[in-house]
Amino acid sequence: MSSSTAATKDRSRLCSFYIVGKHRPCSLQRTRGSEFCAIHSSTQGPGTRIPCPIDSSHTVLASKIESHLKKCSTKAKNNAQKPPYFGLDANIDPAQELAPSPVCTEACVVEKVVNLWHHMWDPNFSQSGDGIGLNAMGLRLSQSSHRLISQKHWPQIVSMLAHMENLGAFTPPNAEAHSTTASSAHSCSLVDSFVEYGAGKAHLTRVLSHLVAKETSRFFIVDRKSFRYSAEKYDDLAGFHVTRLKVDIKDLVLHQVEDNSLLNCNKLIVYGKHVCGAATDMTLRSIFAALPKLAFHKIIIVIALCCYHACSWRAYINKPFLVEHELSEQDFSCMCSMSSWYVCGMSHNHQNSAALSPTTTLPPTEETTTLLPPTDSTTCSTQETTGHSGQYSKPQIGLMARQVLLAGRIKALMSHGFSNAHVCQYVSYSVTPENTLLLASL
């Protein structure tokens with residue numbers, strides 16, 4: 001039988017729907033008695049499909065909804081016994097009814113953000129990432145660790161690992177190191193525990209495993225979903241103690257994980273790559289709640305930040321400071337939206353991005369306007385001045401909104417003993433506009 005005949009025979013069992021965007025027919029198998037798959041039969045075949053009331057990620061025929069609800073696999077998962085480290089909404093504040101507050105215009109919120117930035121942002125919050133030794137770190141990582149990592153993500157991973165090493169994540173503990181917990185420092189084990197938040201497929205952990213010893217390292221991977229090709233299934237992590245905690249960060253009670261290597265360790269290294277918006281605040285909340293219950297010589301936090309617009313009032317780590325400066329929940333939501341102004345329209349001018357780096361200590365002034373992207377037909381909408389007497393452009397205000405959120409997080413870290421908490425630019429803007437790294441150690 002020729003290959004063309006085999007291909008025709010195979011297509012006869014596949015969905016007839018043509019996907020215009022991909023310029024090919026659907027590759028899923030037809031459902032019985034239909035020319036289309038289960039997904040496309042909702043629009044092409046008989047019967048109407050509706051999202052499952054239990055889990056909207058899949059659909060079901062409306063005529064069979066009652067029978068489906070009795071056997072939906074998601075229902076069984078929801079009813080299953082929760083692990084001991086699950087605590088519903090443990091890392092967010094309870095939902096509260098919005099207190100009535102005066103309606104604030106966008107210009108009013110801009111004025112508040114600019115004033116709050118001048119009160120909160122300290123130049124010492126931002127430190128240079130130069131001299132970290134990225135080339136040396138890249139050479140130390142074997143060629144096998146590079147596989148499955150795209151060209152865009154590899155420099156980010158290398159830089160994150162170099163910053164982790166700079167904080168002492170991969171070196172023996174200092175004999176003078178202290179424990180801030182009820183347990184004394186000498187009671188800590190010789191095991192280093194690595195906890196990756198929002199891990200996804202955990203390829204960051206897979207690359208990190210090439211830098212540590214199997215005998216003294218334990219990995220904990222936190223994500224709310226399971227993945228088909230997750231990194232712990234590859235040879236790189238063979239022989240390592242790897243535990244995947246399938247739980248939403250908002251529900252994670254870190255000190256309830258039933259593993260002594262996490263509760264009593266030499267070093268606790270917490271890290272995450274592009275931990276979006278509110279997830280960063282939930283991560284910090286879970287760490288702060290666990291601090292009194294853990295025994296360790298040293299704790300290191302390295303989190304690559306992103307998606308400031310996705311921050312949540314219920315999750316934000318330092319609301320008292322915002323409230324003290326008269327920023328309401330509605331103002332906070334507006335400020336988070338403004339944070340997107342920083343990257344809006346900036347992709348045309350990567351070479352000028354240094355003027356608006358998230359680690360910039362002061363916003364560009366009239367003296368530095370030559371460093372700003374030129375105002376033309378492609379960037380006019382983002383360069384128009386807004387609020388505060390027209391002194392600042394939208395990207396500058398977006399930068400201030402981000403730095404206000406960062407300052408609140410840094411102050412929260414400092415209040416829990418992380419006196420060296422700061423941010424730095426860990427890759428260039430051309431690699432990713434979300435190039436801010438939050439660093440702290442205790």
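**Close-ups of salt bridges**

**View 1. Aspartate 331 is a buried residue, its relative accessible area being 3%.** In this predicted model, aspartate 331 meets the side chain of lysine 112 in a salt bridge, with 2.7 Å from N to O. Look for lysine 112 in helix α5 (residues 106–120) and for aspartate 331 in helix α12 (residues 329–338); the pair therefore ties together parts that lie 219 residues apart in sequence. Lysine 112 is partly exposed, at a relative accessible area of 25%, whereas aspartate 331 is buried.

**View 2. Arginine 206 and aspartate 236 form a salt bridge.** Their closest N and O atoms are 3.2 Å apart. Arginine 206 sits in helix α8 (residues 203–208), while aspartate 236 belongs to the loop between β6 (217–223) and β7 (241–246); this pair links distant parts of the chain, 30 residues apart. Here you will find that arginine 206 and aspartate 236 are each buried.

**View 3. Glutamate 232 is joined to arginine 244 by a salt bridge.** The closest N and O atoms of this pair lie 2.6 Å apart. Glutamate 232 is in the loop between β6 and β7, and arginine 244 is in strand β7, so placed that the pair links distant parts of the chain, 12 residues apart. Glutamate 232 is partly exposed, and its relative accessible area is 24%.

**View 4. A network of salt bridges links Asp89, Lys250 and Asp251.** To put these close-ups in context, the structure holds 12 salt bridges.

How values were computed:
Residues numbered from 1 in each chain as written. Predicted model: local features only at pLDDT ≥ 70, side-chain atom pairs only at ≥ 80, totals over all residues. Heavy atoms only, no water. Salt bridge = Lys/Arg side-chain N within 4 Å of Asp/Glu carboxyl O. Helix = DSSP H or I, 4+ residues; strand = E, 2+ residues; numbered from the N terminus. Buried < 20%, exposed > 50% of the residue type's maximum accessible area, 1.4 Å probe, protein only.
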